[in-house]
Structure formats: C-alpha cells, structure tokens
Amino acid sequence: MQQVQGVVARAKGAPVELVTVNVPDPGPGEAVVKVQACGVCHTDLHYREGGINDEFPFLLGHEAAGVVEAVGPDVTGVAPGDFVVLNWRAVCGECRACKRGDLHYCFNTHNATQRMTLEDGTELSPALGIGAFIEKTLVAAGQCTKVDPSARPAAVGLLGCGVMAGIGAAINTGAVTRGRSVAVIGCGGVGVAAVAGSALAGASPIIAVDIDPQKLEAATRLGATHTVDSSRVDPVAEIKRICAETYAGADGADVVVEAVGRPETWQQAFYARDLAGTVVLVGVPTPDMKVPDLPLIDVFGRGGSLKSSWYGDCLPSRDFPMLVDLYQQGRLDLDAFVTEEIGIGDIEAAFDKMHHGAVLRSVVVL
C-alpha cells in the first residue's frame, strides 16, 4: 500500500479537499497508474454537486493519462512502464452486448475490485471508476489503453472522457461522413469535440450554436464553417437557412448533436434536423429533466433517428490509439482543447472557471 495526495469531495456542494489517500497494491486484474495529467470535466462537478449519486466521499478525476507503475496477477494487456490513457469502459467480454459483438455497449464494464481509502479507512468512490485527481490511482487493468508514449499527456488524456464523447457522438453515433450537414448545439469541451469530429469526417456545413462568443470562436478554430449566437437569433430557423443555402431543398441538418443536456436545447435539435435526420444527445441531463412535450405526429412524420451517445459509443482499444495517431500526424488538434495547465490544488478554481465558460479544459498536471 502507498500513501499519496488526492482530491476528494466529502459532501454535496462542499469545496473539494486535497487529502492523503491509501492506494492498495494491485490485486488480480488491477493496475496502479502514476497519473501525469487529468482534465477537469463537468462530470466531476456533477459528482461534487450530488448529481450522479450520493456515495460520498468521492475521489474525483477520470479524464487522464499516465504510466503504469505496477500490475496485479494475471494481467497481460499492460505492463509497468506502458503509457496509457484511462477509460471508464473496460469491456467485460462476457455480457450479452459483448457476445453479440457490440463491445461499445458493454453492460458490465470492469472497475478495480479493491477500494482506495482515506487515512482512517473510509472507502472512496472513484469518479467513473477511475479517480485520477491523485498522484497514483488503482484501476482495473482493462481501463488502461496503451497509446503512443511520445504523445503529450495533457492533450491525449482528454480522450478519456470529453473529447472522445464529442468526437464519438458525431462519428460513431451520428455516423457523420462527407456530404452530411451537421449542427452542434452547445460548444463546451464536448460540443467543440463534436465539431472537430465532424470536420475530421469531412462534413459540411458544420454549424456551431451557443450563446457565448468565446465558445463559438473555439468551435471555428476546430472546424465550424458557420456559427449561430442563439441569444440573438432563433437557432432552428438559422440552421435551416444555412443548410438550405448549401443543399437545395434541405430543411435542416442531417445530424444535430445536442451537447448541453437540457430539454429546451434538445427540442431545438429535434426541430433543426432535416427530414429523416438524426438527433444525438450527448449532453448529460440531470435526473429531474423531462423530454419536451412533443406532438407524436412530429416524431412519426419526420422519420430519422433520436439517439443518445454514451461515451461517444467508443471502443477505447480501437478509438484511442487511432485518435492519438491522428493527433501526432497533426490532423486532430487536441492541444487546442487545453486552455490551461494547473496544479492539483487548483481544482476548485477550475470548477469556477467552468461555471463562467472561461475554459474548454483546465488540465491538472502532476
């Protein structure tokens, strides 16, 4: 067992604390990873605010990259010294989804069996089964995905959640390809990643929608061809106008990615899609939110698909190395998502910046 410093949320809404954490030696199927970088994701704030569950205290952080320090018995997929991006979908290989070949829908993803604890023995709940705002973390070995060791940890670690969620929402869930029009509603880290994924796939036009000019500027840098300030104009009408200018007869975008997670923006996405278009919900709603009151004839009459995207429907072993290779080739600008690098004691301030929309990602560098 080792004692290291980690960031814990003890109670709903309370400021996070930097505390001493006991990290067990890895058991069967487990690995200890020395964390090099971890992004501050909105999901961590959800945990702190009690929006996920009430299993406090939480060890926050999950969007991370680092080096495997030790592995437990029977671990063969990774070894000490491997540079890895951590993922929260460690497929089991045994559930119904896995057996039918849909590993990206695994119903029973693996986490470490042992728990990390506070000094007094209180068990910690690691965010998304990872807990990476810490010097070293204990995870299931399947949560470690080997990637190019020369890649920048602060950039590629973001594939562990938000960037993968956005890119995957566009490419994996929305099936965006050349000749498709795309609108992305909400241009935080996940939404801008959906813009980047759409650009990578060759979509056009790519319409970014937000109320924050800074976020729209970031979306433009990552590949948006048009921007819509939805505080000034009706976003549904504007998306339809832009798409009709590009494709005669179009009545909206082929794919609309909703990256906010609110009923009113989901309703905008629903009506902003073209006939037989696709809506992809990747924004995370709170448990109390309800689907808008839609006439059922509108659901039937427009056809198409209404989808949700969980982790960008990714398979980490397939998608992470590919995206890191694209980053290393200069074809995917992951560095653009890193607004600032901070210390492990600066996470509460990063949450505040997130509230004000001042960053795409603050990244803790250890």
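Tutor: A crossing of two helices is called right-handed if the near helix is turned clockwise from the far one by less than a right angle, and left-handed if it is turned anticlockwise. The model shown here is a predicted one. In it, helix 7 passes helix 8 in a crossing of the right-handed kind.

Helix 7 covers residues 235-246 and helix 8 covers residues 263-272. Their axes come within 9 Å and cross at roughly 30 degrees. Angles under 35 degrees count as roughly parallel, and helix 7 and helix 8 are therefore roughly parallel to each other.

The contact itself can be followed residue by residue. Helix 7 contributes Pro235, Val236, Ile239 and Lys240, which meet Gln268, Tyr271 and Ala272 of helix 8.

Strand 9, residues 136-140, holds Val139. Val139 has a relative accessible area of 0% and is therefore buried. Beyond its neighbours within four places in sequence, Val139 is in contact with several residues, including Gly29, Leu86, Ala112 and Cys144.

There is also an open sheet of five strands in the order 7-2-1-4-8, with mixed pairing. Strand 7 and strand 8 are its edge strands, each pairing on one side only. Strand 8 pairs with strand 4 in the parallel sense over two bridges, and Ser125 in strand 8 is the bridge partner of Phe58.

Key:
Residues are numbered from 1 along each chain as its sequence is written. This is a predicted model: local features need pLDDT of at least 70, side-chain atom pairs count only at pLDDT 80 or more; totals for chains, interfaces and linings use all residues. Side-chain values use heavy atoms; hydrogens and water are left out. Axes are lines fitted to C-alpha atoms, for helices over the stretch in contact, and angles run from 0 to 180 degrees between N-to-C directions. Helices (H or I, at least four residues) and strands (E, at least two) are DSSP runs, numbered from the N terminus. Angles under 35 degrees count as roughly parallel, over 145 as roughly antiparallel, 65 to 115 as roughly perpendicular and the rest as oblique. Contact means heavy atoms within 4.5 Å. Buried means under 20% relative accessible area, exposed over 50%, partly exposed in between (1.4 Å probe, protein chains only). Two strands pair if DSSP finds at least two bridges between them.
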